[in-house]
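Subject: Structure handover

Hi,

Here is the structure I said I would pass on. My notes follow below it.

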Amino acid sequence: MERGADAAARALELVLASLEDSKAEDIVSIDIAGKSALGDYMVVVSGRSNRHVSAISEHLISDLKDEGLGSARVEGLETGDWVLIDTGDIIVHVFRPEIREVYNLERMWATPDIEDRLH
């Protein structure tokens with residue numbers, strides 16, 4: 001179990017470094033381990049334009065492949081409005097700011113657990 005968590009944490013470091021290198025904006029990392037079977041982390045970022053969103057995504061996909069994590073599922077790369085990159089452990093959402101505002105994923109995942117609110 002710990003090995004998987006360590007691998008996910010290392011992969012997260014790689015993802016965040018790649019996003020920083022691509023000048024992604026407003027990078028938010030959310031720990032979803034134990035909250036969702038989707039993965040361990042969700043990362044939400046913005047690109048300034050469709051072209052920037054696509055460039056950030058392509059750079060990240062390339063970096064993942066270079067590190068042996070090349071089996072990521074990718075959706076939305078053609079349009080560059082919202083690209084989803086799912087590595088298994090980490091789900092990365094790259095948005096244009098207007099699209100990100102509409103979906104507001106950070107707020108949805110940042111809501112406290114029901115049990116937390118009851119105590």
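I start with one ring. F95 is buried, at 1% relative accessibility, since the cut-off for buried is under 20%. Bear in mind that this is a predicted model.

F95 also forms a stacked aromatic pair with Y103, with 6.5 Å from centre to centre and 20° between the planes. Y103 itself is partly exposed, with a relative accessible area of 44%.

The aromatic pairs come to three by count. In another of these, the ring centres of W82 and F95 are 4.7 Å apart and the planes meet at 35°, so this pair is tilted. W82 belongs to strand β4 and F95 to strand β5, so the pair ties together parts 13 residues apart in sequence. W82 counts as partly exposed, at 26% relative accessibility.

β4 (residues 82-86) and β5 (residues 90-95) pair in the antiparallel sense, over five bridges. V83 stands opposite V94 in β5.

Both strands sit in an open sheet of five strands, with mixed pairing and the order β1-β2-β5-β4-β3. β1 (25-31) and β3 (73-75) are at the edges with a single partner strand each, so one side of each has no neighbour in the sheet. From one strand to the next, the twist averages 10°.

Helix α2 (residues 50-66) lies across β2 (41-46), β3, β4 and β5. The helix runs at about 10° to β4.

One more residue to look at: L19, in helix α1 (residues 2-21). Is L19 buried or exposed? L19 is buried, with a relative accessible area of 0%. Leaving aside residues up to four places away in sequence, L19 touches A24, I27, V43, V45, I56, L60 and V92. Take I56: it is 37 residues from L19 along the chain, yet their C-alpha atoms are separated by 6.6 Å.

Finally, the chain overall:

- The protein chain has five helices and five strands.
- Along the sequence, the pattern reads α-β-β-α-β-β-β-α-α-α.
- Of the 119 residues, 39% are buried.
- Among contacts between residues at least 6 apart in sequence, 54% join residues at least 24 apart.
- The chain exposes about 7,200 Å², and carbon and sulfur atoms supply 51% of it.

Best wishes

Methods: Residues numbered from 1 in each chain as written. Predicted model: local features only at pLDDT ≥ 70, side-chain atom pairs only at ≥ 80, totals over all residues. Heavy atoms only, no water. Helix = DSSP H or I, 4+ residues; strand = E, 2+ residues; numbered from the N terminus. Buried < 20%, exposed > 50% of the residue type's maximum accessible area, 1.4 Å probe, protein only. Contact = heavy atoms within 4.5 Å. Pairing = 2+ DSSP bridges. Axes fitted to C-alpha atoms, helices over the stretch in contact; angles between N-to-C directions. Areas by Shrake-Rupley, 256 points an atom, 1.4 Å probe, with all protein chains shown as cover. Phe/Tyr/Trp six-rings, centres within 6.5 Å; stacked < 30°, edge-to-face > 60°.
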